[in-house]
Every structure is written in C-alpha cells, then in structure tokens.
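My entries follow the order in which I made the checks.

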Amino acid sequence: MNLAIFRSRSFGLIVLALGLLLAFAFVVLRAGPLAPTQVTVNPVKEGKLTPALFGIGTIEARRAYLIGPTTAGRVLRVLVDVGDTVKAGQLLAEMDPVDLDERIAALDASLARAGSTIAASDAQRRDAQARNQLAGMNVKRYQDLGEKRFVSSSAVEAKQQEAVSAQAGVSAAEANLAAARQDSLRLGAERDGLRQQRGNVRLLAPTDGIVTTRDAEPGSTVVAGQAVLKLIEPASLWVKTRFDQGRSAGLALGLPAEIALRSNPSRLLAGKVVRLDLVSDSVTEERIAQIAFDTLPTGISVGELAEVTLKLPTTQARFVVPNASLKRLNDQLGVWLYQEGKAKFVAVKTGQSSLDGQVEILDGLSGGEQVIVHSAKEISANSRLKIVESLAEAGK
Amino acid sequence: MQQKMQQTFGITIEGLSKRYGSGNAAVDALKDVNMTVAPGEVVGLIGPSGSGKSTLLKCLGAIIEPTAGRMTLGEEVIFDGGWKISDLKALRRDKIGFVFQAPYLIPFLDVTDNVALLPMLAGQPNAASRRRALELLTALDVAHRAKAQPSELSGGEQQRVAIARALANQPPVILADEPTAPLDSERALSVIRILNEMAQQYQTAIIVVTHDEKIIPTFKRTYHIRDGRTYEEAGEGRAL
Amino acid sequence: MINLAGRDILHSWGKFAFTGLGLGLLIGVTLTMAGVYRGMVDDAKVLLNNSGADLWIVQKDTLGPYAESSSLHDDVYRSILGLPGVAQAANVTYLTMQVRRGDTDVRAMVVGFEPGQPGEPGYLTAGRQITRSHYEAVADVKTGFQLGEQIRIRRHDYTVVGLTRRMVSSGGDPMVFIPLKDAQEAQFLKDNDAILNERARTATNPSLNRPGVPGLLEAIQASQASNRNVNTVLVRVQAGQSPEEVAAPIRRWKHLQAYTRVQMEEILIAKLIATSAKQIAMFLVILAIVSAAIVAFIIYTMTLGKIREIAVLKLIGTRSSTIAGMILQQALGLGLIGFIIGKVAATFWAPAFPKYVLLESGDAISGFIAVMIICALASTLAIRAALRVDPATAIGG
C-alpha cells in the first residue's frame, strides 16, 4: 500500500513536471521568435473587376439668382420669405424710392412749362413772319414809288433794310421755337428715365423658383449688386463632386452614378455625370464633376453632403488580387507568395482597381499562386508561416 | 593482560580530560577518564545531567577535542594530546556509528536510503550500499518498511532503522545517546536486545549513554560518571 | 553517490512547488517589467517601421512629428519629389485624440495618409486597404473596432474596412488610418458649436464684416475652416541612395528639418521615452533586489528548517561540500522552477496588458542567468548558516 502511495505521488510529480515543461515549451514555441507567423492566402485567379470612382460632393443649384437693387438704397419691404415658391415676374421686394416720385413731379412741371415756352416761341415766330410780310410789301411799294421818283432813294433803302431785319427776326423766332421743342423733349426723356428707375426699385422674380435666403430686411441699406434675396431653380439641383486627381482615371461624361446623401446614406440615388470641369483644383488636387439626379428626390437641401460612386464598365481581368496583399519592398511594388511554408516576394505591375479592394495584376504572376493577404506581423523572406482561415480572432 | 586487552578492545581511552574556558573561569568537564570497551560488548555509561557524559560522548565521537589524554580506536591511536587523524569527518563516517535519543532519520530519504546513505557518502556504489542496507534492515526486522518514508514508521521502527544506519559502515564503535528515552519499557528493552545482538554479530563495541532505570540492569558492565570522573562497575547483566 | 538536493525536493515537492510558484510569479513580474520597457522601445520602432519611410521631413527646428508638433504646408511634398534620390514623398498627419466608439471612446492616433504612399499600414490582419478617398478607415485591433463598424472622428463617420496589428504611436496608442484629406479636416475641425461660435465672432468683428463689401465675411469664414497643413512628409529614397545624402540638400535649401531613421530612433528612444525607461529600470533594479532577498530568505528559512538533519548529516560524517552542494542545488532548482513558472506566467498575462509587452528571448536568457546567479548568491547565506551548525547539537545536552 505504501508502495502504491509512493508510486501515485511520483506519478503526480511527473505529471506536474511534464505539464510545466509542456507549458514552457508551448510558450517558447508560440510566443518566442520561433513561433510561426499566421497568414491568410488567396489564390491568384482571373476575375471581373468593376473599377469605380469615389468622390464627395455638395448639393448645389445649377442656376441660382441673386436678387438685389442696381443702385445703393434702402430696402422698403420684402414680400417673400425663405422657402416660398415664387413665379416669374412676381414682386419679391421693393427698395425705398426716396425722392424719385418728387423728381418725376418736378420734371412733369418742367415739361408743362416747356410746352408753354414752345407756344410763346411759336407766337413770336408768327409775329416775326407778319412783320417780315409787311416789310416785304413795303419794300415793293417803295421801289415802285422810287422808280417813279415819288420818294427819295434813301427812303427806299431804309425800307429794304427794314425788310432784311424782319427776315432775320423770323429766323430768330424759328430757332427759338426749335430750342423750346428740344427742351421739352429732353425733359420728357429725363422723366421717362426716372420712371424707369422708379420701376427698378421693385424687385421681381426673374424665373419660377424657391427663395433660399433672405439677406436684407426692410430698413437696411444695400449697395448695388448686393443680394436682398436668393432664388434657386429647384429643378436644376445637382451634386458638385470632387474626385481625387490620383484616382480619377476614367472620369467621363455620362457615367452612371450612385449618390448617397448624408441625410439618408442607406438610400442610393441614381444620377449621371453631366458636366466635367476642365479646370481642376490645383491646391486640393481634385477634379470637379457635376452629377445630376435622374429623378430629383424630395426633401433635399442645398449644401448637403453627398457621397458619389461612379461605376466604370466592368472589365475582365486576367488576374486579380486583394489590395491588402500589395506590399512595397525595396522600392518595388509586389506581393508575397506562399511557397511551402516560406514567403517569396514577387514584383508585380498593377492595373485597375475596384472600390471593394480588388486590384488587377498586369504582369508578374502566372495564375494559381497563393498570395499572402493578411499576416499577423510583417513578413520577410525568413518568416516561418502558418496558414489560417482568418486572423479575426486575433483581433479580440 | 593489559597489553592483550589493548589489542582486542574496540575502544580505549586513557586519562582523557576536557577543560572548557581558561584561567579562573576554567571548568573541568572531564578529569582523567579511563574506559575500555571490547568488540561485541555493550557498555552502559550512566550519569546524571551535568555529570560530563555528553562531553565524554562528544569526545568519543570526535566532535570536540579533548584537552589531554589518549584515545585508541581498534588498533589506531586517534588522539594523543591532539588529533592523530586529519579527516575527522571520514573517521566519524567510517569508524563510528551514532544512535541518538531521537532517531533523527533524514526525512527526505526513504528507509533504505537512510541506511545506505553512509556507504554512499563513503563512495560505495549505490546498488551495493542499498543491498547492504537491506541486509541490515532484514537483520533488524524492519525490511518490510524498506521503501517507507521515515515519517510513516513507529518510534520503535525508527529507532531500529537508526541502529541499522549506525551499523551501515560496519564501524568498530557505536555511540548510542539515550537510545531508549522516548520508548516504553518493552520497546526500550527490545532496542537494547538488538544492540546486544548486533554487537555480537558485527563485533562492534557499543557504548550506551543512558539514565533509563529500565535498561541499566541489562548491562554486564557500566561506567558511572560523576563530576567528570568515571567509575567502573559490574552490571547485573540481566537477561533480555 | 546520492543526490540529496533532488531527494529533498522530491520529498517536499509541495512546499517547493508553492515556493517556486511564488518566486515564479515574482520573476514573472520582473520579466514583464523588462517586457514593458522592451514594449515601449518596440512601440517606437514599429512606429518608424510602419511608416515605411527613410526620411521624415518636418518643420524647421522641431523634433517632429512624434516628439514635438510640426506643421508643414501640404504642397511641400511636390518640391521634395523633385529632388534627386527621392523615390516617393507623401504627406502624413498625426493626431492623437479620443475616437468615439459607441458610448465610450478610445484613445487613438489618427493617421492621415495617402494610399500606396509611405505612411500606409504595412500589413493587414483582416479586410482591405482603403480604396475610397474619403470616410474609410483602417484600425488597429487594439482599438477594439471590428470590420464594418463606424468610427466617429470629429463630425464624420468612417467605415472600418481593414484591421491591422501593432500599429501604435510611440505612446502605445493604437492607430486609426484615414485618408489624408479627411485627416487634415479632422485635425482642424471643431465641433459644431465651436464653428458656430467662431462664425459669430468673426461676424461681429466690424473690420471683417464691413458693410458695403458683400462676400468678405463669407470668404473669411471659408478660409478659417480649411486646413492646408500636414505634420510631416515621409520620403522613401531610391534604392541604393543614402538617406543622409538626400537629407542634406533638404536641410540646407528647403529650410526644413529632415531626420533619417537612425536620428528618428534616437529622438524616440533617447528623448521621448527616456524618463519612462529610467522609471522602469528603477523598478527592475528594485524587483531584482527584492527577488534576490526573497530567494535568500526562502533558502535560508528552508535550511534553518533542516538544521537538525544537517547536524545529523555532519555528525555522521557528511562532507561540508556535500551539504553546501545540496543547498546550492536546491537554490538553483528553486530558481529554475521559479524561472519556468515566471516565463510561462509572463507570456500568458502579457497580452492582457493595455500597452504592448515584448518578452524578448534575449531578456529571458539573461533573466535566467541572473536568476541563477541570484539564487547561487542567495544560497551562500544559507550555506554559511549550515556550515556553522555544530554537529554536537544532534547529541543534545
């Protein structure tokens, strides 16, 4: 019995020591430099690639109208508010006309006086004409009398001089009349001008649209060109989208687009590229494209953020690999291939890539190789590797 | 007679004295002690506490150095005014067996190895040492506990193992210090009987230090020690 | 010859195992402490590794971008690209901030990078690299994010498309990689209230909001809300070029600071974590002393517990060297058990630490040697006590 106790104790001791040694061995092999690096691999195979472009934009109106006075002035009244739908020609706001009406009245009065002046000039002209006629007849009579020697020649000459003078009087009266008429015309034109100005203080809607801002209130003074109201045409809303220059290859007019609005990111709206700005932003290194909605959604707001994905035509690629497998080693882009527990670096040339992380390989691979995609740590040619299904549990 | 006895006696001491301290504070623990024990003989060394018997035992065991005198172990003079042997540990290991008041077995060795320890330390092969130990254990009738741990044994068994250990290197002398103190009279007598048997069997000189009234009558010869001096007496030699 | 030490250990293995366990945990703590230091150094190194750069170009007279803040205009990289020997140059921003995750937030270093350029995460453990130029993120697993989860950074939500490992700042904060433009914006963007406040503040400033100059206020506010700065430009030099040679003209003519990998390591390790390293070194020294003291006391107490046996052994003629050897072997055995337990324990609890704990094999080996030396030294105390035991005590009065 004693022997049995002794044996069982020895046995327990051996188990304990073995357990400790096993744990130690496990620790050395698993956690030490001898531990293999866990990796996941993917076979290189052909695949379809749908390259896509991704950009961020804001909703803007294609046509926006700034409604303001042409001259500086004070706002008299504003008749509409933000969000109001207006019709073309509708009175939106009115500027204070100040003395315009009075100036028109004064001009009216001046015009009336100018009429009187014309009448007076006309009368004077007729008087001068009468005098001229009389003088003409007198000259004729005196010439006859002079030939018959009834009057002296000097008397005849006096009458002839009278006739010339009367002629000049007629000319002067005619000129006076013309001047009076022109004066009246000028005053009429001035009055018309003022009337026009008076009309201009009324701010009218140039088109059907929606009021987006109301920038000035009655009583405030605005300078020429400053907006009192802003108006947009809701039908002309589009997304001004910025694409990173480095990833804008293939950007073209007419490309179909998926638009996700910030307010409802899960609903994708269809649209297409309708304008491509020729000038791109050199500071932000972005290209700008305008994306129109196929059907305008309701309840969108100008300035709202939108994510735009442009789908380029699907291409058949010879080889595709996940972009997580692309690594850079000594200034060369390439992939690590799994070869019998070791890793081998192969330089590759890449083509198009899709937004879901697939990259086309143009050169460097021959198909069927196992490409290392994920790894638990950085791989080198000396790494000992162990393939696992996924490294996700390592993330916990 | 004297000459002859010196040749055959296991241990002889002549004029042994031990002084602790020096000058006025000096204490003479042993004063001119004479003692002889023949091979195969069991002698009692009897004395009250403070009589100097521990000092004598330590001198005999080569643990402390006597001040003067002469000690002969078998045919070898080990002390004559000074140690005549350089390696006292080897002397203790090979020539002197110890049995203590308590068995003092090494708790982490089993019974066999406790006994085999001394031959092993002396450089004997492990197997031979264990064979020898088993022989002794058989002789002492504790062979059935050979693989047991000391803590699993009864007091009597432990004391028997301790005797076996003392005998392991076949020493010419065994010093037993109160070997029966913790035992009842039956077991105490059995220990003395065993010591007698072993003394006969292995021709060992055994000195039993004791003040146990139960066993004193069993000695054929005793030394009484008082105030550092020994007085030889013939014992009753009562049969066991 | 019989091995007394081994027999004693086998006999009282329970006591030994528990003592060894206690000692082992202490050794485990010591190894972990060394691992914490190694982890800090490694954090600094992986930060440099992961950026994949040969040169760091930062604001002049700063130790940026990690040890000090640095700000560069984001068009600097264009002039750098034109320099001889430069293969790649890319803008990168670093911003340490609290990133919201559900109800809690995670401290993270937000890295703004350009895909395919230096600064991009070197390897992934799941998912893919960023393909969109906005609102995608690759996160370190330590942030706790899963694939497909949304990260909120400032005012935008980012979708986690990839996970990576060991991408940490020098302070050990896990990284979140987002596209550069978003990061530039995030670095500057304030919360909505702050933006509104700022706008109101600008609007009430009469010199910025002049009547009669329509559009001025809007222009000023737009310029206030944009950020054209980055923290560093990472440069990869062409194969065969020495980074130092490429750096020299940048320092001289571009009026920028350029650090090579070696200088960067120096900054990170010698300057950034110097105090922490000293702190840990202090701790290590104390732990080593405490461990040594404990081993010494344990061995000493164990020896004192066997004083009677030692006296008997000495009395029956055991050599001092045998006894000393027994105690020494026991001390070393205890050290060995302790070391194994400590190493195992440290390896098992190291991943639970919030910051990276790197247990280096070299440290383990030197730790083992140190443990053995400490045990040997500690046993001398016990050996001295054992050798002083009077064999006469076995005989008693």
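**Conventions.** I worked on a predicted model, in which local features need pLDDT of at least 70, side-chain atom pairs count only at pLDDT 80 or more, and totals for chains, interfaces and linings use all residues. Residues are numbered from 1 along each chain as its sequence is written, chains are lettered from A and ligands numbered from 1 in the order in which they are written, and side-chain values use heavy atoms, with hydrogens and water left out.

**Barrel in chain A.** Two strands pair if DSSP finds at least two bridges between them. Six strands of chain A close into a barrel, in the order S3-S12-S15-S14-S13-S16, with antiparallel pairing. On average, neighbouring strands of this sheet are turned by 40° against each other, direction ignored; the axes are lines fitted to C-alpha atoms, for helices over the stretch in contact, and angles run from 0 to 180 degrees between N-to-C directions. I then examined S3 (residues 52-61) and S16 (residues 305-311) of chain A, which pair in the antiparallel sense over seven bridges. Within this pair, A:Gly55 has A:Val308 in S16(A) as its bridge partner.

**Strands in chain B.** I noted that S1 (residues 11-20) of chain B has an antiparallel pairing of seven bridges with S2 (residues 27-37) of chain B. B:Leu16 faces B:Val33 in S2(B) as its opposite residue. S1(B) and S2(B) form a hairpin with six residues between them, and B:Gly21 in the turn shows a positive phi of about 75°. S1(B) also pairs in the antiparallel sense with S4 (residues 68-73) of chain B, over five bridges. There, B:Glu14 stands opposite B:Arg70 in S4(B).

Most residues other than glycine have a negative phi. I recorded two residues with a positive value. A:Val98 has a phi near 55° and belongs to the loop between strand S7 (91-95) and helix H2 (100-147) of chain A. I used relative accessible area for exposure: buried means under 20%, exposed over 50%, and partly exposed in between (1.4 Å probe, protein chains only). A:Val98 is exposed at 63%. B:Asp32 has a positive phi of about 55°, sits in strand S2 of chain B and is partly exposed at 46%.

**Chain C.** I looked up C:Tyr94, which lies in strand S3 (residues 86-101) of chain C and is buried, with a relative accessible area of 10%. Its C-alpha atom is separated by 9.7 Å from that of C:Ser70, 24 residues apart along the chain.

Note on methods:
Helix = DSSP H or I, 4+ residues; strand = E, 2+ residues; numbered from the N terminus.
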